[in-house]
Amino acid sequence: MADQAFLTHLSETLAGISAEGLMKRERLISSAQGAHVQIGGRRMLNLCANNYLGLADDPRLVTAAKAAMDGHGYGMASVRFICGTQDLHWQLETRLARFLGTDDSILFAACFDANGGLFEPLLDAQDAVISDSLNHASIIDGIRLCKARRFRFQNNDMADLEAQLIAAREGGARFILIATDGVFSMDGTLANLPEVTRLAAKYGAMTMVDDCHATGFMGPQGRGTPAHHGVKVDILTGTLGKALGGALGGYIAGPQPVIDLLRQRARPYLFSNALPPAIVGAALAALDIVEGADDLRARLIENARHWRAGLTAAGFRLLPGSHPIIPVMVGEAPLAQSFAAALDARGIMVSAFFFPVVPRGQARIRTQMNAALTREDLDFALTAFAEAGRETGVLA
Ligand SMILES: *Cc1c(COP(=O)(O)O)cnc(C)c1O
């Protein structure tokens, strides 16, 4: 039994989070995920989903998921290596590898698990991992679980990356792996992969890119940031939970021996359930759609351009870039919360991000564009942002 002192201690921690204005609250959506969602009887315009291509409620994916359930049932009731591998899993792994241009790929329950399970089987104490300071939490955790020496470079600072490569080499590292997000999700900025891969070649290091916020919509046919930059990386990780339909699931793609060893040793793969057929079947359909979705990608880019231009003209402070993640910088967490509330009152759903997700004093409203939003939606939202900005003092 948890003793009363312990529970009181937790309640005090929660009260502290609340007093700092850092409490996250969840909204109950009673419709499908989409450009518009139903919340508490209200129709809200949704500007915070990772639904980049608008596929989360696509009827073709719903149909594919149903067909997979009809043919392959609901659940797997097993990890992959005992009795949890269907023909569909193998098809999706092969299909993902072909899409990404790698030898093979391996599915996980989430990209969080893919990143959590990637490093420990591949590297040991003789090796080194060099990680960008803004990498996703799952990369940070995955690196913590492995015995390799850890080096960190300041976000996208290529001089610092080179210094860390030199330090790792001078430290006698056998193998060196550079790990970076392809897109930094709090800022919407792109990793400098041309320079990362050049430095990797110079120092004989390997590269790993987490492309969760790029696969499906960046680069030719949506093949991600390496394709966007025209470079090759060694290992890619990604999610089925964003542009590729938005359900759940992650993967690692890379050279055959990497994937083969992960199937033997990656702990989240060995000790967690296989993805259910509905998700796997729908993901196969999503990849077919995504490869041919130049129209959706063009609309997404145009929406991001229009939204950035409109916010800038209204006087908001944005982080520069061109990615559909467009953060509106606010400053302190309580102001970000009241701005989000003023937008909510106007029928706009956004999410305020603040410490510990971003540094203190850099609270923001992270808006995200997608291909399902219309010009009318965006112009409605621009009016609401301007009004709410003046009302709360975010705009002078
Ligand atoms: C969303 C995200 C993840 C986690 O993906 P899930 O499949 O939802 O676990 C990992 N890395 C990055 C960079 C992400 O944006």
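In this predicted model, the second largest pocket has a volume of about 380 Å³. Its lining comprises 15 residues, and those closest to the pocket centre are Leu134, Met186, Pro356, Val357 and Val358. By residue class, the lining of this pocket consists of 8 nonpolar, 5 polar and 2 charged residues. Both domain 1 (24-53 + 294-392) and domain 2 (59-291) contribute to the lining of the second largest pocket, with at least three residues from each.

Helix α4 covers residues 87-100. The buried residues of α4 are Leu88, His89, Leu92, Glu93, Arg95, Leu96, Ala97, Phe99 and Leu100. In an α-helix, residues three or four places apart point the same way, because there are 3.6 residues a turn. Just after α4, Gly101 adopts a positive phi of about 75 degrees.

The number of disulfides in the model is 0, where a disulfide requires two cysteine sulfur atoms within 2.5 Å. Cys48 takes part in no disulfide, and the nearest cysteine sulfur, that of Cys212, is 18 Å away. Cys48 has a relative accessible area of 18% and is therefore buried, the cut-off being under 20%. Cys212 is likewise in no disulfide; the nearest cysteine sulfur to Cys212 belongs to Cys111 and is 3.5 Å away. With a relative accessible area of 9%, Cys212 is also buried.

Notes. Residues numbered from 1 in each chain as written. Predicted model: local features only at pLDDT ≥ 70, side-chain atom pairs only at ≥ 80, totals over all residues. Heavy atoms only, no water. 1 Å grid on protein atoms, 1.4 Å probe; cavity = no way out; pocket = protein on both sides within 12 Å on 5 of 7 lines; lining within 4 Å. Points joined across faces, edges and corners; volume = space filled by probe spheres on them. Nonpolar A, V, L, I, M, F, W, Y, C, P; charged D, E, K, R; others polar. Domains from an automatic or database assignment. Helix = DSSP H or I, 4+ residues; strand = E, 2+ residues; numbered from the N terminus. Expected span 1.5 Å × (residues − 1). Buried < 20%, exposed > 50% of the residue type's maximum accessible area, 1.4 Å probe, protein only.
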